[in-house]
Amino acid sequence: MAIIFFFFGLFLGSFLLLVIDRIPKNETVLFGHSHCDFCGHTLSAKDLIPVFSYVFLKGRCRYCHKKLSLSYPLIEVLTGMLLAISVVFLPSLSVWQYVAVCGIVGSLIVIFFSDLFH
């Protein structure tokens with residue numbers, strides 16, 4: 001179960017990065033495509049696989065080859081680890097309680113890193 005939550009956390013972390021980046025810029029979070037902050041090129045699905053895309057592309061944009069911040073995979077892994085740890089240390093929670101834990105962890109990550117970056 002912890003492995004499933006870890007991988008779910010990687011994808012949640014990827015979405016949280018989008019939120020952390022777009023909210024201070026007053027950009028929409030739910031609509032629009034992900035794009036490179038440097039060249040503005042729309043990213044394809046293969047560019048958005050958490051951690052693996054970063055490693056495969058050697059930390060650079062596929063299109064303009066600018067170096068991406070190491071914070072991208074770190075926040076994805078941190079989110080995955082926190083969700084996996086929550087399953088290990090809180091094994092008796094119901095499904096809805098796990099949903100609440102995911103929401104709380106996600107909210108705290110967004111708040112912390114938004115303050116840190118912006």
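In the predicted model, helix 1 (residues 2-22) packs against helix 3 (residues 71-89) at an angle of about 140 degrees, and their axes lie 7 Å apart. Helix 1 is therefore oblique to helix 3, since angles under 35 degrees count as roughly parallel, over 145 as roughly antiparallel, 65 to 115 as roughly perpendicular and the rest as oblique. Axes are lines fitted to C-alpha atoms, for helices over the stretch in contact, with angles from 0 to 180 degrees between N-to-C directions. Helices are DSSP runs (H or I, at least four residues) numbered from the N terminus.

Contact (heavy atoms within 4.5 Å) joins residues of helix 1 including Phe5, Leu12 and Ile20 to residues of helix 3 including Tyr72, Met81 and Val88. The residues of this contact comprise 17 nonpolar, six polar and one charged; Ala, Val, Leu, Ile, Met, Phe, Trp, Tyr, Cys and Pro count as nonpolar, Asp, Glu, Lys and Arg as charged, and the others, Gly among them, as polar.

Among the buried residues of helix 3 are Pro73, Glu76 and Ser86, where buried denotes under 20% relative accessible area, exposed over 50% and partly exposed in between (1.4 Å probe, protein chains only). The cover over the buried residues of helix 3 includes helix 1, helix 2 (52-56) and helix 4 (95-117).

Glutamate 27 lies in the loop between helix 1 and helix 2. Its relative accessibility is 31%, so glutamate 27 counts as partly exposed.

Residues are numbered from 1 along each chain as its sequence is written. Local features need pLDDT of at least 70, side-chain atom pairs count only at pLDDT 80 or more, totals for chains, interfaces and linings use all residues, and side-chain values use heavy atoms, with hydrogens and water left out.

How values were computed
Helix = DSSP H or I, 4+ residues; strand = E, 2+ residues; numbered from the N terminus.
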